[in-house]
Amino acid sequence: MYRPLVASLSSKPVTVLASAPSRLLSTTAVAGSRRSPMSFVEGYEYTVQKELVKALKRGTDESLTSARGFCMTLTDVLTLRPANMKLARELLLLLSESKHFVEGHRDVVDLLADTLRPRLTEETISRVQGRALGQMAASIGKLNLPWSEEVTLIARHCTERIGLEMMSATAVVSLASGMSKCDGKLEGFAEALALDWSRRLNGDDGSLKPALHVLFFRSLAHLSAGQPSTVALMHEFNRVADISAFTPHQKAQLFGAQKQILGDGNARSGEVDHEDPAKLSLPELMKLFATCARRKEIPRKTIVVGLVEILQNPGPPIEPHLLANLCRSVGSLLSNRTTNSKDLHQLLELLNSTLVHSPSPLQLTDLGSILWASLSSPSPKVKRLASVLLSKVDADSLALAQPQVQAPVLSGIVGLGLAQDFADLVGRIAELRGMSSWSSDDVRGVSQLVGPLSRIPGMRPQVLAMAAWLGNKPECLTGYVAGRALRAIANCNSARQILTEFPEAAHRFCDILGSHWDQLDASPNLILADVASIMWALATLRLSDYDLQEKCCQSAVRLLRQASKTQLLQAPVLLWALASNAHRTQGSRALLLEVTQTNAASQLPVRELPVIAWAAAVFNVYNEAFLRDILERCSSGTLDSAALFRLHRVLQWATVQRDFQLHGLKDLAARAASEAMSSAIPSSSSFQDELIKELEPLVTEVWPQWEVVSEYNLSPHAAGVVCDIALLDKVSRSPLVLLEADGAPHFVHCVSSDGTRRLAYDGKTELLRRILTALGYNIVSIDTNSWKSTARSKRQNMLKERIYAALKGKVFQDSVSA
């Protein structure tokens with residue numbers, strides 16, 4: 001539970017802060033009724049600051065309401081406190097990184113900022129070093145505070161007292177950004193910036209990253225466009241900088257800054273949206289729209305309206321290639337939740353309709369772009385229009401096209417649900433007629449083609465052939481290619497084959513991937529999503545490959561430490577894959593600890609947290625503070641059935657094995673238990689029926705005081721668990737032995753570092769059996785391999801031996817047969 005911070009502190013303030021069980025924010029604080037600053041104890045502001053950090057990190061509506069109260073409390077407390085620049089800087093930085101909170105609670109942010117502003121004086125700033133000053137200037141700029149004089153004062157201290165040459169490049173860029181956003185005015189500042197950056201540019205040892213250059217020149221363009229020193233620096237940069245290292249988006253931003261600095265137009269950041277769209281031609285509107293798509297920005301409504309008017313009014317035929325490019329731009333915006341809009345859906349439908357009626361032939365590459373865009377808005381009309389375009393495709397040309405041309409076409413066919421309607425086109429692609437002529441240049445295209453092909457029934461031979469082809473090009477393998485190939489193999493494998501068939505093709509590919517992992521890991525293009533894709537495929541294949549898994553974990557730990565908030569969304573996928581498989585290696589534990597012992601989990605949305613907690617439970621890694629924080633965040637969030645079911649298992653594990661107390665979490669525990677019990681539906685199998693058929697005469701003869709019961713519900717002692725078979729005492733009705741008929745879904749293939757193969761329980765089964773054992777149940781597991789390999793005349797004897805072993809406390813895993 002949260003602890004109160006706005007509470008009576010008259011008698012024992014420290015005790016109240018540490019243990020009071022009421023809510024974090026008092027009703028009076030939320031409503032706006034404020035205490036006198038004199039009633040707060042010394043140092044209280046630091047406690048409030050810590051709770052503000054926690055509330056902002058949680059990010060839920062409830063915690064943001066609490067954060068509002070903390071800002072109001074800080075405003076009161078700091079009124080009579082002496083100036084503390086460290087606290088002021090930390091608060092400004094914290095708020096500048098909490099965009100969602102600031103937008104929704106601007107009034108209290110401005111009140112707190114007004115309290116902090118008088119503390120930025122000549123005397124206080126003179127005691128702060130360069131890095132902190134740059135950070136402060138950038139924070140003020142991000143918050144859009146009208147503090148021109150204060151930021152100018154910071155800039156003067158940086159240039160005159162400290163010297164720009166004594167500051168890091170990041171600090172200088174932060175300072176420039178703050179000055180540009182707050183319209184700071186300091187004579188000679190832009191010239192000093194230009195001279196300093198020129199010095200850094202000529203002595204660059206690789207520390208000046210593209211992002212720093214982009215932000216610096218964008219800031220400089222606003223501060224001093226057209227000044228001789230700035231123009232000279234821009235020319236110097238164009239002469240010595242390696243532009244190939246910049247992303248297309250960064251190049252566009254840099255081009256916009258260059259246009260301002262050199263006096264070539266007045267657009268900022270490469271935009272031309274200051275012009276009236278009604279006066280622009282179709283190519284100009286398309287260029288403007290493409291710029292918005294690259295920057296993931298919603299285009300102005302007048303731009304969309306302008307495009308619609310041109311497309312609706314009859315005129316000269318428009319090149320299909322131009323329309324296809326515009327489709328791709330629309331599709332990229334529609335696929336992003338933040339830029340999706342009804343106007344864009346209508347524009348995509350209009351574009352497809354225009355292409356259907358175009359008299360010009362449509363190239364396969366353009367068709368691929370159109371179908372890719374259609375996947376972002378698969379309305380019935382878009383599907384019908386896509387069908388018309390596909391009906392015009394020459395099947396022979398498609399069959400002979402390169403895989404990178406076939407891939408988007410097949411992705412569109414499969415993604416739009418048109419595979420049966422265009423089975424001929426799918427079949428021609430599946431012929432792989434050009435495979436003999438594929439080269440290293442086709443590796444990426446093959447990896448993109450194998451994915452949609454794997455989602456079509458009956459294509460397993462083609463998928464395995466393409467994966468083998470990729471495996472024969474190890475020098476061309478990247479994380480992206482490897483992830484897509486393994487996922488395709490996983491898509492066309494059946495989990496029910498696990499006890500009868502080892503995934504040889506996948507294992508061969510894993511061996512090749514593992515032997516070339518150093519090459520992949522050294523590549524700057526390896527990202528966390530690629531590693532997560534590989535790990536997901538291994539878990540889906542139910543293949544726990546020790547060597548490859550260990551190398552993936554080591555790379556993932558390194559990438560996690562550099563990951564952005566968006567990339568951190570891969571952490572739950574990684575941990576789910578690790579926990580689902582069976583190897584509990586040093587690398588996998590290091591990855592789990594990297595997530596649970598850093599602030600990585602705090603940046604994840606609530607819906608992803610149950611997977612993190614479940615993985616910790618499977619690995620039996622217990623951190624009470626971390627677990628409680630996750631559960632508290634989940635208690636105020638909306639969770640689906642799968643998430644609640646995982647939380648129920650986590651709570652069972654924590655309370656049974658770790659003596660975890662549910663203080664304040666009983667409502668969440670009740671919700672999770674209810675979901676688990678509703679999901680525990682009895683269901684028998686033919687294997688289970690065979691076991692009962694052998695068990696009943698055996699029990700009657702050896703244990704006549706027992707009764708055989710099928711589908712025994714262990715609630716409420718173990719809520720949400722239905723055991724396949726229970727042997728009950730006829731008098732007490734208590735279960736003495738639980739028997740589980742374990743089929744393929746309970747197991748994974750394990751390949752050790754020496755190549756040894758064995759079967760092991762998956763993480764879900766492992767965790768449940770561990771919980772039941774801790775609750776005192778005696779468990780016997782009979783897997784189908786053991787059962788089928790035992791002669792019928794000896795099956796009762798096998799059952800008797802295992803029941804006796806269970807009664808003596810033998811560990812359930814020992815009964816697994818490979």
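This report walks through the domains, cysteines and aromatic rings of the structure above.

The model is predicted, so local features need pLDDT of at least 70 and side-chain atom pairs count only at pLDDT 80 or more, while totals for chains, interfaces and linings use all residues. Residues are numbered from 1 along each chain as its sequence is written, and side-chain values use heavy atoms, leaving out hydrogens and water.

Let's start with the domains, whose bounds come from an automatic or database domain assignment. The protein chain has domain 1 (44-262), domain 2 (273-392) and domain 3 (681-808). Between domain 1 and domain 2, the C-alpha centres are 38 Å apart.

Next, the aromatic rings. Rings of Phe, Tyr and Trp (its six-membered ring) pair if their centres lie within 6.5 Å; planes under 30 degrees apart are stacked, over 60 edge-to-face, and the rest tilted. There are ten aromatic pairs in the structure, including these two:

| Pair | Centre distance | Plane angle | Type |
|---|---|---|---|
| Phe217 and Phe237 | 4.9 Å | 55° | tilted |
| Phe687 and Trp787 | 6.2 Å | 55° | tilted |

Phe687 and Trp787 are both buried (under 20% relative accessible area, with exposed over 50% and partly exposed in between; 1.4 Å probe, protein chains only). Phe217 is buried too, at 0% relative accessible area, and Phe237 is buried at 0%. Ring pairs also join Trp197, Phe216, Phe217, Phe237 and Phe246 into a cluster.

Finally, the cysteines: the whole structure has zero disulfides (pairs of cysteine sulfur atoms within 2.5 Å). For Cys476, the nearest cysteine sulfur is that of Cys510, 19 Å away.
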